[in-house]
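Subject: Structure for you to look at

Hello,

Here is the structure I promised to hand over. Please open it and keep it on screen while you read my notes.

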Amino acid sequence: METTASIKEKLLQAETFEPWMEELKSDSRKSVQQLLASWQRRFDKKLSLLRNLEEKQGFDRQFKAQADALVAGIDEAGRGPLAGPVVTAAVILPEDCSAFIGLDDSKIIAKAKRNELAQLIKQQAISWSVHIQPPEAIDRLNIYQATKQSMEAAAISLGTAPDVVLADAMKLTLPMPSEAIIKGDAKSLCIAAASILAKTGRDDLMDEYAEMYPQYGFSKHAGYGTKDHLAALEAHGPCPIHRKTFEPVKSMAQRP
């Protein structure tokens, strides 16, 4: 009888269901059944992630006028916070996206996985760019216009010009066709990739600001209006990266 250690090793290496696994179903050992069930869960999760990848890539393909057309996705991070920049990213992914299993909206991916995906995107994308819109521009333009201009700048900054641009919920003015996709980071693979670069890029910036202004705890809340952030604002007042047109920062900045 084959040992459970040997079975475990074989299951760890198995990528698909193989005929010898059928025999394991009748194995009376509880440990073997647990190993088989664990393998099945991993396999089902991988299939689900693969289907998700194919659906998102299929969504992007429908915007191609021809098979070799390049589709860029654009997304932003940081529209809602009281402090820090809006960061936007644009990404053109390769036709072979098999390496991007697990790529999804940055908001539902753990930080470690986001960072891993960000490096992979930068290595394998046909082209990518990141644009940083500072708080001063947000206050001058308003958050909508500042985000729109930042998205447009990210698209124009791509080293390879796309044939069409898909932006997450934003109508852009660009020299190439563009589409505003509602909840695009959940539907489009290239927008999901852009959301990863925008989110990780902004998080890195807010970690740097946390060192410059340690009293606000930016590395914990990224500038959003959490209870701790509001308490720090009350205690210390706004700092240079706070958005002066956002409440309650605006009222605090006007205090004598």
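Start with two helices. Helix 4 and helix 8 cross, and the crossing is left-handed. Keep in mind that this is a predicted model.

Two packed helices are described by the angle between their axes and the distance between the axes. Here, helix 4 spans residues 111-124 and helix 8 spans residues 189-212. Their axes come within 9 Å and cross at roughly 115°. Angles of 65 to 115 degrees count as roughly perpendicular, so helix 4 and helix 8 are roughly perpendicular to each other.

Which residues make the contact? From helix 4 come Lys111, Arg114, Asn115, Leu117, Ala118, Ile121 and Lys122. From helix 8 come Ala193, Ile196, Leu197, Lys199, Thr200, Asp203 and Asp207.

Aspartate 203 lies in helix 8. Is aspartate 203 buried or exposed? Its relative accessible area is 12%. Buried means under 20%, so aspartate 203 is buried. Leaving out residues up to four places away in sequence, aspartate 203 touches Arg114 and Ala222.

Next, go to valine 32. You will find valine 32 in helix 3, which covers residues 30-61. Its relative accessibility is 0%, so valine 32 counts as buried. What does valine 32 contact, leaving aside neighbours within four places in sequence? The partners are Thr4, Ile7, Leu24 and Asp27. Now find threonine 88. Valine 32 and threonine 88 are 56 residues apart in sequence. In space, they are 49 Å apart, C-alpha to C-alpha.

Last, the aromatic rings. A pair of aromatic rings is described by the distance of the centres and the angle of the planes. The structure holds four aromatic pairs. One of them joins tyrosine 216 and phenylalanine 218. Their centres are 5.4 Å apart, with 15° between the planes. Planes under 30 degrees apart count as stacked, and this pair of tyrosine 216 and phenylalanine 218 is stacked. Tyrosine 216 is buried, and phenylalanine 218 is buried too. Look also for Phe17, Trp39 and Phe43, which form one aromatic cluster.

Best wishes

Terms used:
Residues numbered from 1 in each chain as written. Predicted model: local features only at pLDDT ≥ 70, side-chain atom pairs only at ≥ 80, totals over all residues. Heavy atoms only, no water. Axes fitted to C-alpha atoms, helices over the stretch in contact; angles between N-to-C directions. Helix = DSSP H or I, 4+ residues; strand = E, 2+ residues; numbered from the N terminus. Parallel < 35°, antiparallel > 145°, perpendicular 65-115°, else oblique. Left-handed = near helix turned anticlockwise from the far one by under 90°. Contact = heavy atoms within 4.5 Å. Buried < 20%, exposed > 50% of the residue type's maximum accessible area, 1.4 Å probe, protein only. Phe/Tyr/Trp six-rings, centres within 6.5 Å; stacked < 30°, edge-to-face > 60°.
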